[in-house]
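Dear colleague,

I am passing on the structure we spoke about, and below it you will find what came out of going through it. Please read the notes with the model open beside you.

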Amino acid sequence: MAVEVRQVRTKAERKEFIRFPWNIYRNDPELGKNWVPPVISDYMNTLDTDVFPLYEHADLEMFTAWKDGEMAGTIAAVANHRHQEFHDDRVGFWGFFECINDQETANALFAAAAVWLNAKGLDTMRGPVSPSMNDQCGMLTKGFDTPPVFLMLYNPPYYNDLVKNAGHGIGQELLAWYIDQKIIDIERLRKIAAHVMKREKLSIRTLNMKDFDNEIELIRDIYNKAWEKNWGFVPMTDKEFNYLAKNLKPIANPHYIYFVEDSDGRAIGFSLSLPDINQALRHVNGNPFSPWGFLKYLWYSRSISMVRTITMGVLPEYRNKGIDSILNTHIADYGGQHGVFASEMSWVLKANEAMSKLAKVIGGKPYKEYVIYEKRIS
């Protein structure tokens with residue numbers, strides 16, 4: 001039977017779209033061991049064009065594929081006008097791809113996304129990007145034997161074959177670095193950090209939760225300046241950044257969020273790490289806000305043993321001066337003192353030699369790999 005592709009139009013269909021992955025992962029014991037179900041309410045908001053601030057400058061379309069009367073796959077297409085303006089290109093994005101192991105179904109989904117993006121005047125499709133480069137992106141190609149950390153994606157190995165067989169090539173390769181803080185030479189790192197701080201007349205402090213809004217503004221300003229030249233980067237609007245901050249605030253531990261300041265008290269760098277709450281979320285089946293789900297979330301949150309360093313940023317004039325060593329020393333130091341001996345630094349462009357060198361210096365190993373695929377569509 002031919003594959004039928006439908007556009008998602010109603011709230012009920014959007015929820016059906018979000019719930020589809022349960023059919024993929026819960027029916028496979030190996031995948032089910034490591035998959036972390038998405039928080040349904042979060043995805044409902046992320047895919048709501050009236051709620052998620054990205055869609056003030058981007059268009060979204062969602063598709064479901066049906067075969068033999070049953071849903072067989074999902075994909076979302078995004079035309080991010082801010083990306084096009086910033087990079088002066090005609091690249092569109094696809095994400096939220098889930099599919100049975102069937103090439104015909106995958107081809108139908110990619111074709112629907114390509115037709116829609118092409119109609120928006122775009123000539124290239126890139127993904128998975130769900131729904132922007134500031135959110136979840138990259139298809140897992142190595143490291144299927146361990147669960148994803150918070151805000152990182154997981155997928156069956158066969159997804160890569162479906163994408164490649166549909167004519168997509170590698171756009172960029174990404175790495176996730178695992179850092180075992182038990183083997184870090186923390187004394188050596190402390191000496192390096194102290195030397196850099198003395199030489200550059202710097203100080204370090206944690207985020208002030210009582211002044212959260214202004215602290216977030218500092219992070220936004222440094223982030224946009226520090227990452228401006230990076231591949232795929234699009235500066236976040238105030239609304240986007242504030243929305244993200246509001247959602248992350250409840251899980252933030254200020255002792256994992258650091259600012260480095262110069263002698264005048266100006267913030268010149270930051271590091272943002274968060275507890276890996278996926279270790280708790282994997283037990284609540286996508287519903288941490290239900291009464292039973294919330295109790296389970298609280299119970300498993302007590303034993304979170306890992307953090308994820310999501311991003312660091314240093315103002316351009318302070319690059320290559322060892323500021324990263326100060327930030328990493330304090331993350332490792334605090335974690336070690338509180339029984340958190342593992343961290344993931346992700347994601348990092350495989351081509352970013354400077355970040356890879358930094359990860360190696362602090363004992364990191366690249367234990368997961370991801371790909372962002374690209375395909376010309378006109």
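Where is the place of P131? P131 sits in the loop between β6 (129–130) and β7 (136–137), where helices (H or I, at least four residues) and strands (E, at least two) are DSSP runs, numbered from the N terminus. The peptide bond that joins S130 and P131 is cis, with omega about -5°.

Before going further, please keep in mind that this is a predicted model, in which local features need pLDDT of at least 70 and side-chain atom pairs count only at pLDDT 80 or more, while totals for chains, interfaces and linings use all residues. Residues are numbered from 1 along each chain as its sequence is written, and side-chain values use heavy atoms, with hydrogens and water left out.

A cis peptide bond also joins S346 and W347, with omega about -10°, and W347 belongs to strand β14 (residues 342–349).

Turning to backbone angles, K201 has a phi near 60°, a positive value in a residue other than glycine, and lies in the loop between α8 and β10 (203–206). K201 counts as exposed because its relative accessibility is 61%; here buried means under 20% relative accessible area, exposed over 50%, and partly exposed in between (1.4 Å probe, protein chains only). N285, which is not a glycine either, has a positive phi of about 55°; this residue is found in the loop between α11 (278–281) and α12 (291–301), and its relative accessible area of 30% makes N285 partly exposed. K182, in the loop between β9 (169–180) and α8, counts as exposed at 63% relative accessibility. From C-alpha to C-alpha, K182 and R282 are 25 Å apart in space, and they are 100 residues apart in sequence.

Helix α10 (residues 238–248) has a buried side, with E240, F241, A245 and L248 as its buried residues. They lie on the same side of α10 because they cover an arc of only 130° around the axis, the arc being that of the directions from the helix axis to the C-beta atoms. An α-helix has 3.6 residues a turn, so residues three or four places apart point the same way. The buried residues of α10 pack against α9 (212–226) and β12 (267–275), whereas the face turned away from the buried side carries the exposed residues K239 and K246.

Two helix pairs remain. Helix α8 (residues 186–200) packs against helix α13 (residues 323–337) at an angle of about 140°, with their axes 8 Å apart; axes are lines fitted to C-alpha atoms, for helices over the stretch in contact, and angles run from 0 to 180 degrees between N-to-C directions. The two helices are therefore oblique to each other, since angles under 35 degrees count as roughly parallel, over 145 as roughly antiparallel, 65 to 115 as roughly perpendicular and the rest as oblique. Their contact (heavy atoms within 4.5 Å) involves residues including I186, L189 and R190 of α8 and I323, S325 and I326 of α13.

For the other pair, helix α6 (residues 103–119) and helix α7 (residues 158–165) pack at an angle of about 60°, with their axes 9 Å apart, which makes α6 oblique to α7. Here the contact is formed by Q103, A106 and F110 of α6 together with D161, L162, V163 and N165 of α7.
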